[in-house]
Amino acid sequence: MWDVSIVSQLVDSGAFVSENLELSGMTTLRVGGPARIVAECPTTQVLVDVVRLLDAAHIPTLILAGGSNLVVGDDGFDGVVVRVCNTTVGLEEGFVTAEAGAEWDQVVAQTVAAELGGLECLSGIPGSTGATPVQNVGAYGVEVGSMLRRVHLLDRRTGEARWVEPDALGLGYRTSVLKHSDAALVLAVELTVHPDGLGEPLRYRELVSALNAAEGDRLPSAQVRDAVLDLRRGKGMVLDPEDYDTWSAGSFFTNPVVADGELAGVLAAIETRLGDVLVPQYPADGGTKLSAGWLIERAGFSKGYPGETAVARLSTKHTLALTNRGAAKSEDLLALARDVRDGVQAAFGVRLEPEPVTVGCAI
């Protein structure tokens, strides 16, 4: 058992403490059991002090901000949930500094309103700023890693807080050395932005088409943001409490990278099942990247699968999102994820990997 004084110590550190709250109310999937203690940390200093306190006492902790990339088990978390609530954002001519708890889309919106470019393709992505380098979030041809200037980290082994360069983060496709690790906590990020108000060169075909532009064009960041938000809304990828298609963790599976030596077999399996079809494929480190959404749909999992009566379904707008239709539990979502993953592997020999982080459960 814990020392009962931990709650008073958390309060003394500046945290706002609650007990026995449901984690389902803290994630965009709206699933997850109870949290024994929740400590809200309104400033970076409180966040550092609380985490140092808990680590020194060897108390299990779950760091939680926007909860947009998280699946928590139905049994909840028997420890202290540390809510990251530091939200200060500072804009400069060539860069933006945002604390970890700042809502990511609001950071993007502020840069666009200030006529700063570079982040507009990452509009509408739910969650907190601190999660962006952990996941190396990306959309429409831009990854946050390409815009990172430096990251403020708390080293949980030493208790030291320091700024580090992006090269130290091992950034890759939807991953970094920070993901699936408790060794460090993001406190803030600095991102490079364009002072001319123009966005990144357009790279993503769907976005290029929506803007009636050419690949490589640089358009006003506000114009690009509006187009990105329209595209995401059409896929149920902008949070809306009235729309169950947005009760999700975004894209549930990453686009698989197939090694060169395995690609021919995968393409042969696709041709056997579907005939001579055009397969979306893109060069990637370590092989060829395929579209997870395309594979899911061609394996027989259509939008809205498995049907209207299911409490957990694929989005009716986007097969890559698993959604809670209002009454789903974590295990309902996980069962659907296993069904889709195993079906794609059986059909094409490709194993899809989940994008969200799981706590107290497994796919």
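**A buried serine and the salt bridges around it**

Let's start with Ser123, which is buried at 0% relative accessible area (buried means under 20%, exposed over 50% and partly exposed in between, with a 1.4 Å probe and protein chains only). Keep in mind that this is a predicted model, where local features need pLDDT of at least 70, side-chain atom pairs count only at pLDDT 80 or more, and totals for chains, interfaces and linings use all residues. Residues are numbered from 1 along each chain as its sequence is written, and side-chain values use heavy atoms, with hydrogens and water left out.

Ser123 sits in the loop between α3 (104-113) and α4; helices are DSSP runs of H or I with at least four residues, strands are E runs of at least two, and both are numbered from the N terminus. Among the residues Ser123 touches, leaving out those up to four places away in sequence, are Asp105 and Arg225 (contact means heavy atoms within 4.5 Å).

Those two also pair up: Asp105 and Arg225 form a salt bridge, with the closest N and O atoms 2.9 Å apart (a side-chain nitrogen of Lys or Arg within 4 Å of a carboxyl oxygen of Asp or Glu). Asp105 lies in helix α3 and Arg225 in helix α6 (residues 221-234), so the bridge ties together parts 120 residues apart in sequence. Both partners are buried.

By this rule, the count is 16 salt bridges. Another one joins Glu143 and Arg174 at 3.3 Å, N to O. Here Glu143 is partly exposed at 29%, while Arg174 is buried at 13%. Elsewhere, Asp243, Asp245, Lys317 and Arg325 are linked in a salt-bridge network.
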